[in-house]
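We will go stop by stop.

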Amino acid sequence: MLDKLTQIATTYESLQAQMYDPVVSANIEKLIEINRQIIQLKDAYELYLKIKSATNQYNEAKELLYSEKDADMLELAQAQYDEAETTLEELNGQVQIVLLPKDPNDDRNIFLEIRPGAGGDESGLFGAELLRMYLRYAERQNRKPELIEHDLNDIGGLKFAMVKIAGEKVYSKLKFESGVHRVQRIPETESQGRIHTSTITVAVMPEIDDVEIEISANDLEIDTFAASSA
């Protein structure tokens, strides 16, 4: 697995070098594709650098332990050796995760849709809270949320909302939010203190690339109608 990580690091550095190639810089589509690949390999490359640094510290400390005679230096070398060894164990445990096959949509922007389910007005209030939560989360993660459409009822509950969130690896962060979300609590609309169960449906959809479609005139069927009266 470490050999695979080294190959990824070589590819990453090669792609970075291509970004500064004048020929590549003049080709916007090529530049975008290279940048997309760099983003996909970034986590693995950063892990490679951490392992490389920890390995160097480990080897330096090991060499000192075999060659150093001074007691104080030996103690320092032992501490560095133990720390580097622990760090390497932790980093090596991350290698398998980083090398897992990626979802091809992980780097895409998303459209997030929220719809109230069971629970009436309380479901709408729960939906409004979820909407604020997702918007706040996106902002704190330095993503770019855009509220495309939303509709509120008379008490501030949500009827429907559609949000576009743009940024690095947005779909990978939020794709598992899709599904039914449930809350059990005493709602603001409850006067007798009873616990209600409300649900909200969340859909997370990756943004697709623009596609050019050509429709032949031979494929069109046009019907023309005229009114029989004035």
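**Stop 1: an enclosed space**

Start inside. The count comes to one cavity of 30 Å³ or more. A cavity here is a set of points, on a 1 Å grid over the protein atoms alone, where a 1.4 Å probe fits but cannot get out. Points are joined across faces, edges and corners, and a volume is the space filled by probe spheres set on the points. The largest cavity has a volume of about 40 Å³.

Before you go on, note that this is a predicted model: local features need pLDDT of at least 70, side-chain atom pairs count only at pLDDT 80 or more, and totals for chains, interfaces and linings use all residues. Residues are numbered from 1 along each chain as its sequence is written, and side-chain values use heavy atoms, with hydrogens and water left out.

Now select Tyr137, Ala138, Gln141, Arg143, Ile165, Val170, Lys173 and Leu174. These residues line the largest cavity; a lining residue has an atom within 4 Å of a point. Helix H5 (121-140) and helix H6 (170-174) each supply at least two residues of this lining. Which helix gives the most to the lining? H6 does, with three residues. Helices (H or I, at least four residues) and strands (E, at least two) are DSSP runs, numbered from the N terminus.

**Stop 2**

Select residues 158-166. This is strand E3, and eight of its nine residues are buried, so the strand is largely enclosed by the rest of the structure. Buried means under 20% relative accessible area, exposed means over 50%, and partly exposed lies in between (1.4 Å probe, protein chains only).

E2 runs antiparallel to E3, and eight bridges join them. Two strands pair if DSSP finds at least two bridges between them. Find aspartate 151: its bridge partner in E3 is phenylalanine 160. E2 and E3 form a hairpin with five residues between them. In the turn, glycine 156 has a positive phi of about 90°.

Next, show E1. Five bridges join E1 to E3, again antiparallel. Look for leucine 112, which stands opposite valine 163 in E3.

**Stop 3: across to E5**

Arginine 115 has threonine 201 in E5 as its bridge partner.

E4 and E5 pair in the antiparallel sense over seven bridges. Arginine 185 stands opposite histidine 196 in E5.

**Stop 4: charged pairs**

Side chains of opposite charge can pair when their charged atoms come close. A salt bridge is a side-chain nitrogen of Lys or Arg within 4 Å of a carboxyl oxygen of Asp or Glu. How many salt bridges does a search of the whole structure find? It finds seven.

Begin with glutamate 33 and arginine 36, whose side chains meet in a salt bridge (2.5 Å, N to O). Both lie in helix H3 (residues 28-67), three residues apart, about one turn of the helix.

Next, select lysine 169 and aspartate 43. They form a salt bridge, with the closest N and O atoms 2.7 Å apart. This pair links distant parts of the chain: lysine 169 is in the loop between E3 and H6, aspartate 43 is in helix H3, and 126 residues separate them. Lysine 169 counts as buried, at 11% relative accessibility. Aspartate 43 counts as partly exposed, at 39%. Check the backbone of lysine 169 too: its phi is positive, about 55°, although it is not a glycine.

Glutamate 113 is buried, with a relative accessible area of 17%. Arginine 115 is partly exposed, at 42%.

Finish this stop with Glu122, Glu129 and Arg185, which are linked in a network of salt bridges.

**Stop 5: out in the open**

Select asparagine 142, in the loop between H5 and E2. Is asparagine 142 buried or exposed? It counts as exposed, at 69% relative accessibility. Its phi is near 60°, a positive value in a residue other than glycine.

Last, move to the segment after E5, the place of isoleucine 213. Isoleucine 213 is exposed, with a relative accessible area of 68%.

Terms used: On a 1 Å grid over the protein atoms alone, a cavity is a set of points where a 1.4 Å probe fits but cannot get out, and a pocket is an open set with protein on both sides within 12 Å along at least five of seven lines; lining residues have an atom within 4 Å of a point.
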